[in-house]
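Hi everyone, thanks for coming. Today I'd like to walk you through one protein, starting with its charged side chains. Here it is on the screen.

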Amino acid sequence: MDSTIVLILLQDGLLNGAIYALLGLALVLVFAVTRVIFIPQGEFVTFGALTLAFLVNGQVPGTVHLLLIMGGLVFLLELGCAIRAKVFSGLWRTALWALALPAALYYCLPLVLQKDTSLWLQVIFSMALVVPMGPMIYRLVYQRVAEASVLVLLITSVAVHFALTGLGLVFFGAEGWRTPPFMTGQVELLGMTWSAQTLFVLAAAAILIGALWVFFGGTLYGRALRATAVNRRGARLVGISTLMSGRITFTLAAAIGTLSGMLIAPVTTIYYDTGFLIGLKGFVAAIVGGLASYPLTAAGAIFVGILEAFSSFWASSYKEVIVFTFIIPVLLWRSFGVRPVDDED
């Protein structure tokens with residue numbers, strides 16, 4: 001192995017590590033606020049990438065119909081709750097984002113499918129189709145068991161993962177897709193030749209992480225999420241709605257997963273079930289951070305990406321085994337400092 005190969009593998013490792021860092025941070029965020037180990041995070045990677053791929057190729061993505069179905073179910077559920085409680089004041093808000101938004105996107109779809117539509121507009125439209133599914137899934141599934149134990153929430157996440165994987169097969173089919181790169185060409189930087197797409201992914205990941213840092217440190221909703229993550233009971237006592245925190249958290253997780261899928265789709269063929277494996281590597285990074293530390297999660301993700309890149313060169317048949325075996329010493333290391341705590345703690 002010469003220096004050229006090492007530099008190429010490092011670039012691949014940094015590219016994958018940036019994606020795993022985003023997914024790991026989303027997993028840590030969801031767990032900290034809602035105590036949910038969000039296994040379906042990878043499905044948003046798949047939905048985002050395949051939605052964009054369908055739009056680029058002039059086909060109707062299945063997420064258009066899936067969003068309509070999920071929005072209708074959310075509205076019916078809210079309507080039933082309003083009838084039982086005889087309180088209809090907030091029902092119009094649900095109708096606005098669960099019915100009106102999917103319908104508007106459905107009727108705007110022919111404009112986006114035109115051949116001269118820019119890639120960036122298709123990216124925005126794909127985000128608008130997939131991101132609302134995050135709070136919808138929270139409302140349909142997790143809100144009803146929000147106070148359950150972590151084990152029950154984990155079992156629920158496994159069920160949601162299998163359901164979304166099946167829906168991905170139904171609405172997208174078994175064929176793999178790629179999207180065109182956001183940037184083409186080569187760039188000379190730091191004495192190395194970098195792919196422009198790699199630099200774009202790294203820059204996008206850095207900007208998104210910075211935006212999350214600003215959101216949590218400089219906005220009211222971000223501070224509310226931080227308070228809920230630190231102490232759910234204390235947050236409720238000071239008037240912070242844990243339901244609102246859950247919806248915002250799942251919206252952010254869906255946005256991060258969708259954007260991650262679009263970033264990685266130009267370099268990796270995406271199938272209906274590809275997101276699970278990608279999300280699982282983000283989960284390994286989250287375990288490195290103890291499902292609590294954002295910096296350790298980001299560092300662990302970069303290491304996982306580099307480990308995967310070099311493993312694919314030396315032993316491509318065993319690269320997944322090597323990556324997931326890494327979680328064993330991490331768990332052993334974490335077990336030395338563990339102490340029994342209640343769910344609320």
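How many salt bridges does the count come to? Before I answer, a word on where this comes from. This is a predicted model, so local features need pLDDT of at least 70 and side-chain atom pairs count only at pLDDT 80 or more, while totals for chains, interfaces and linings use all residues. Residues are numbered from 1 along each chain as its sequence is written, and side-chain values use heavy atoms, with hydrogens and water left out.

Now the rule: a salt bridge is a side-chain nitrogen of Lys or Arg within 4 Å of a carboxyl oxygen of Asp or Glu. By that rule, the count is three salt bridges. Let's visit them in turn.

We begin with Arg139 and Glu78, whose side chains meet with N to O at 2.5 Å. This pair links distant parts of the chain: Arg139 sits in helix H6 (residues 133–142) and Glu78 in helix H3 (residues 62–85), 61 residues apart. A quick note on helices: they are DSSP runs of H or I with at least four residues, strands are runs of E with at least two, and both are numbered from the N terminus. Buried or exposed? For that we use relative accessible area: buried is under 20%, exposed is over 50%, and partly exposed is in between, with a 1.4 Å probe and protein chains only. Arg139 counts as buried because its relative accessibility is 5%, and Glu78 counts as buried at 18%.

Next come Glu147 and Arg236, with their closest N and O atoms 3.8 Å apart. Glu147 lies in the loop between H6 and helix H7 (150–172) and Arg236 in helix H10 (residues 232–237), so the pair ties together parts that are 89 residues apart in sequence. Here Glu147 counts as exposed, at 52% relative accessibility, and Arg236 as partly exposed, at 33%.

That leaves Lys281 and Glu308, where the closest N and O atoms are 2.4 Å apart. Lys281 belongs to helix H12 (residues 274–288) and Glu308 to helix H13 (residues 294–314), 27 residues apart. Both of these residues are buried.

Now please find Glu43, in helix H2 (residues 41–56). What Glu43 does have is a contact with His161: leaving aside neighbours within four places in sequence, Glu43 touches His161, Leu164, Thr165 and Phe276, where contact means heavy atoms within 4.5 Å.

Finally, let's step back to the whole protein. Its secondary structure comes to 15 helices and two strands. Of the 345 residues, 46% are buried. Looking at contacts with a separation of 6 or more, 77% are between residues 24 or more positions apart. The C-alpha atoms fill a box of roughly 70 × 60 × 35 Å, taken along the principal axes.

One stop remains, at Trp92, in helix H4 (residues 91–112). Trp92 counts as exposed because its relative accessibility is 52%. Its C-alpha atom is separated by 28 Å from that of Leu167, 75 residues apart along the chain.
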